[in-house]
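Hello,

Here is the structure I promised to pass on to you. Please have a look at it first, and then read my notes below.

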Amino acid sequence: MNSYILAIDIGTTSSKGMAITASGEVVAVRQEYYRTDYPQPGFAEQNAEVIFRAVAKLISEILNDCSSSECLGICFSAAMHSLLAVDVNGVAITPIIIWADTRATKQSKRLKEMGVAQELYEKTGTPIHPMSPFCKLLWWKENQNHIFESTHKFVSIKEYIVFQLTGEYLVDFSTASATGFFGIEELKWSTRAQDFHGVSFAKFSTPVSIYHQVELKGQWFNDLPNRPTKLIVGSSDGCAAHVGSLALENEQLSITIGTSGAVRLARKEPILHPHGLVFNYVLERDIFICGGASNTGTSLLDWYSEKFDPSASKKLVDFVKEIEDIELGSDGLIALPYLHGERAPLFDPNVKGVFFGVSVNHTRKHFQRALLEGICFSLKSILNLVEDAVKQSPPIQVSGGIIHSKIWLQLLSDVLGRELIVNSTQDASAIGAVMIGCKSLGIAFQQAPNQQQLFYPNKEATKIYETHFSLFESIYKQTAPLFEGLSHLRK
């Protein structure tokens with residue numbers, strides 16, 4: 001077996017470890033799942049120590065699986081917008097507040113009403129929304145000030161794990177630029193954000209390049225076979241997915257549908273949307289990953305199965321396969337898939353899920369198909385936002401859990417009316433982490449033999465979906481004023 005890089009992708013539902021050679025060969029894969037807690041409306045939390053143990057187990061098992069080969073280094077990708085507080089010993093003193101958490105709705109709304117949201121967005125690249133650690137930290141300051149004042153460090157889950165493995169608080173540029181505190185032009189913490197917020201940047205990690213290397217430490221680590229000595233900090237999962245899907249080198253759009261969804265495009269300069277609707281995250285100096293992220297994705301399929309069909313298979317491919325005999329358009333049933341509120345393009349934390357047009361003829365499978373179509377409609381609305389901003393329509397690479405279902409890929413192609421390219425059946429974030437690791441180590445990465453798949457839209461299906469998409473957008477516009485009142489009833 002050849003030497004390899006160990007990619008660790010710290011996701012929302014699970015962490016995945018993949019040992020991949022510089023020639024693109026996947027030699028070992030492991031995955032560890034964990035849960036998200038929803039202790040009250042608007043809250044979405046995870047346990048930092050549980051996730052660290054999952055990552056430590058992945059590293060240990062893969063190093064044992066590949067004990068006859070050399071691990072050249074470990075490189076991370078991780079979900080964005082998470083926030084937790086740690087004490088002086090690096091022990092987590094709060095749960096992780098993840099991207100889906102909307103407790104800071106009041107704070108984000110106030111920033112917009114004050115007229116500072118656009119200025120902060122243009123300096124930091126992060127739209128003002130409850131997802132942002134900037135808003136989450138405001139919530140802590142106003143609701144649990146003892147945490148705000150006494151915390152040693154405010155970190156993401158990735159920074160927490162890097163500290164456990166190295167003893168250093170480091171944050172890569174791409175993760176930092178998703179906090180709302182990082183100056184994307186200066187590549188350092190923004191004094192304007194600090195002036196407004198009042199937090200000391202001594203409580204933040206040191207920003208570093210995604211290629212930054214640091215020495216691994218820890219007694220548990222010393223006993224592992226052929227253990228690497230280097231950790232490459234790596235990037236956020238979104239940036240890594242864009243790299244790993246080969247959209248960066250081909251100047252293409254990438255669409256990811258995993259636990260959540262996103263549309264991304266690499267640019268040499270940020271896309272400063274006049275209403276702050278397009279994110280701009282730093283991959284490296286003069287390369288910005290721009291786009292929009294959705295709260296909708298495979299998490300909704302898990303929700304539906306758990307709540308309404310618990311005896312059924314939880315596998316994505318099985319869920320999707322069940323809709324094959326339901327006509328496109330779900331017999332007039334339209335789903336707004338906004339169970340977690342929504343980021344782009346609505347930036348409405350109060351919006352909730354809706355099934356519109358329910359009749360006695362609709363079956364469970366109609367609801368499943370409507371949910372899948374609704375997720376695709378949501379991604380189409382973001383795609384329109386991004387392409388309108390850049391005035392072009394590049395080819396589209398697709399990654400995430402959706403690539404394991406040809407039925408869903410074809411549905412997405414039909415909804416978008418666009419050709420879709422799938423370059424690999426492997427996890428794009430993990431592949432991206434390996435590519436980043438190779439560049440850091442000065443190793444040439446060679447993509448595995450071409451596994452490219454192409455999906456072409458059915459013109460008749462696209463025409464039908466255009467009508468449904470118009471209704472989809474109209475339903476939100478008509479119901480949007482009602483959701484804020486509904487949020488008060490739920491609380």
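**Backbone, burial and rings**

At 53% relative accessibility, Asp 286 counts as exposed, where exposed means over 50% relative accessible area, buried under 20% and partly exposed in between, with a 1.4 Å probe and protein chains only. Before I go on, please note that this is a predicted model, in which local features need pLDDT of at least 70 and side-chain atom pairs count only at pLDDT 80 or more, while totals for chains, interfaces and linings use all residues. Residues are numbered from 1 along each chain as its sequence is written, and side-chain values use heavy atoms, with hydrogens and water left out.

Back to Asp 286: this residue is not a glycine, yet has a positive phi of about 70 degrees. You will find Asp 286 in the loop between strand 17 (279-284) and strand 18 (287-294); strands (E, at least two residues) and helices (H or I, at least four) are DSSP runs numbered from the N terminus.

The loop between strand 19 (334-336) and strand 20 (354-356) holds Pro 345, and the peptide bond from Ala 344 to Pro 345 is cis, with omega near -10 degrees. Phe 347 lies in the loop between strand 19 and strand 20, and has a positive phi of about 50 degrees although it is not a glycine. Phe 347 counts as buried, because its relative accessibility is 10%.

Helix 4 (residues 133-143) is largely enclosed by the rest of the structure, because eight of its eleven residues are buried. Among them are Phe 134, Trp 139 and Trp 140.

Now the rings. The whole structure has 25 aromatic pairs, meaning rings of Phe, Tyr and Trp (its six-membered ring) with centres within 6.5 Å; planes under 30 degrees apart count as stacked, over 60 as edge-to-face and the rest as tilted. Phe 279 and Tyr 281 are stacked, 4.5 Å centre to centre with 5 degrees between the planes. Tyr 304 and Phe 319 instead pair edge-to-face, at 6.0 Å and 90 degrees. That pair links helix 11 (residues 298-308) with helix 12 (residues 316-321), and both of its residues are buried. Phe 134 also belongs to one aromatic cluster, whose members include Phe 173 and Trp 189.

Finally, the charged end of Arg 103 sits over the ring of Phe 43, 3.7 Å from its centre; this requires NZ of Lys or CZ of Arg within 6 Å of the ring centre and within 35 degrees of the ring normal. Lys 380 lies over the face of Phe 469, at 5.2 Å from the ring centre.

Best wishes
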